[in-house]
Structures are given as C-alpha cells and as structure tokens.
Amino acid sequence: MTEHQPADYETIRYREEGHVAVVELARPKVLNAMNDLMRSELRSICESIRLRSDIFVMVIAGDDRAFSAGADISGDNEAPADPMSFWRLNRPGSEFFSILSNVPQPTIAAISGYCLGGGLETALACDLRVASPDAQLGLTEARVGAIPAGGGTQRLARLVGPGVAAELLLTGRRISGQQALEVGLVNRLADDWLAGAFDLADEILSCSPSATMLIKEVLRRGVDGSLETGLSAEFLAAAVDFSAQDFTEGMTAFREKRPPQWRGR
C-alpha cells in the first residue's frame, strides 16, 4: 500500500490495479448488507479517491452471491420517535449516495447475485453498471413498509424513465440482469461480472482522464438541468479541457500516430 492509498477497512476490501481503484463490499455472511459502518467506510474511501490524481476509474463490486442485499435490518428496527430524530440518525448514511455520485472519476458497479434496496441505490449512484445475466436487482423497500431513501426513486426514474421506475418501485419487483439490460438499468452483461467491469474500465482508460472527468460533470449538469444550462457547462468545460496537458498530449499523439500517454492533468 502506498502512502496515498486509503487505510484498511473492516467492511470493505480495497486494492488498486494500475489507475483503477477497486472497492469490494465484504460482509459475506449477510450478503453484503449495508450497516452504518459500511456506509461510513464507503464514504471515507470515496472522499479519499476523489483527491487522487493518479486514480482514473473506480470499480465497486460485491461477490458471487451478492453485490449488496440492501440495508442491514437485523438489529433494532423500531421507528425513531419523531421526524427530526430520523433525520439526525439517518442523514449521514443517506449522504453517502450523493458523495459517491459526486466522485469526479468515472465509477462502475460490478453486479452479481442480489443487488437490492440500498445495494441497488449504490449501483445507481455509479456512472455505469455491469451485471451478470442472472443477477437480481430491485428496489424492494415497499414490500417491508419502507421507501427508498438513498436517491433510488430519483436516480432510477432518470435512468429508465418514470413509467418503468414506477412499476419497479410500486411493486417492489426484482428483475434479472438480462431484464435490467433491456430496460436500460445496466449498461452491459458479463458472465464474469468483475472482468466485464474491468473491460469497461480499460475502454475508459484509453481516453483522457481529464476529459472523462469533465464529460462526467457536464453530463450530470445537463441531465439535472435545462438544455441551456448543459450547453453552457459544456462550453466552459471545453475551455478548461483545451488548456489541459492531456489535450496537448492527445493532439500530439494523434499527429505522431502513437498511443497517448495520459497524465490526468
């Protein structure tokens, strides 16, 4: 581990493969269900990775049995006494999903097995999703008297459209990886879901890291705002990109007919 890498964690495993940060959820006895500690550690690692100039892509994965089965509800599930108590208790965990979404590097969820509730909300907060064909995905909270509270209603609707999102949310239905591909919930399928995520990461790594981070930022602003807002953000991002070292390297490499040597600057 280099001095720049995050510290050891209890509920996740972390490693780096070149310019790719790999975060593996590691509570296999409970199908990687998310407790407060896991959300806190994921938040910490996202805050660390966002500051790394040598990390260009982040992959989040589970294991063969589960990406994550959702929130760990094995403990005391008594409702908070009042709305403010709920807000104080749950706000830090809920903020994790926005922190993940705001990581500047492209993020990929590698999904196998169960990807339910907060697990799917984690995948939705990533930019891209690769799933095994037989993975099981769903926001099933309504079946236990709850609603998604980690951005699931909003991100799912933006991704697959309000009609499909309404059906999945209101029925709490699970769908397979194959079905998720058909409705646009995942980007691609791979029997070896982690290898598939790395293949996608390699494609991203062939492009300029500074450009991909700017594209991610502009894309998010455009989706969440008006066309004019998106076009303005795009033009400003282009001005930033044209002054980057990667832009000069990309143009030079093209003229010299050689692979570019990206630096992410």
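**Helix packing in a predicted model**

Q: Which way does helix 8 cross helix 9, left-handed or right-handed?
A: Helix 8 and helix 9 cross right-handed (right-handed when the near helix is turned clockwise from the far one by less than a right angle, left-handed when anticlockwise). Helices here are DSSP runs of H or I with at least four residues, numbered from the N terminus.

Q: What sort of model am I looking at?
A: A predicted one: local features need pLDDT of at least 70 and side-chain atom pairs pLDDT 80 or more, while totals for chains, interfaces and linings use all residues. Residues count from 1 along each chain as its sequence is written, and side-chain values use heavy atoms, without hydrogens or water.

Q: OK, back to helix 8 and helix 9. What's the angle, and how far apart are the axes?
A: About 165°, with the two axes 9 Å apart. Helix 9 covers residues 227-242, and helix 8 covers 209-224. Axes are lines fitted to C-alpha atoms over the stretch in contact, and angles run from 0 to 180 degrees between N-to-C directions.

Q: Switching topic: how do helix 4 and helix 5 pack?
A: Helix 4 (residues 152-160) and helix 5 (residues 162-171) sit at about 135°, and their axes are 7 Å apart. That pair is therefore oblique, and the crossing of helix 4 and helix 5 is right-handed.

Q: Who's touching whom in that pair?
A: Helix 4 brings T153, L156, A157 and V160, while helix 5 brings P162, V164, A165, L168 and L169. The contact of helix 4 with helix 5 counts eight nonpolar residues, one polar and no charged ones.

Q: And what about helix 3 against helix 4?
A: Helix 3 and helix 4 pack at about 50°, and their axes are 10 Å apart. Helix 3 and helix 4 are therefore oblique to each other.

Q: Which hand is that crossing, left or right?
A: Left-handed for helix 3 and helix 4. Helix 3 puts in E121, L124 and A125, and helix 4 puts in G152, R155, L156 and L159.

Q: How many of those are charged?
A: Two charged in the contact of helix 3 with helix 4, alongside four nonpolar and one polar.

How values were computed
Helix = DSSP H or I, 4+ residues; strand = E, 2+ residues; numbered from the N terminus. Parallel < 35°, antiparallel > 145°, perpendicular 65-115°, else oblique. Contact = heavy atoms within 4.5 Å. Nonpolar A, V, L, I, M, F, W, Y, C, P; charged D, E, K, R; others polar.
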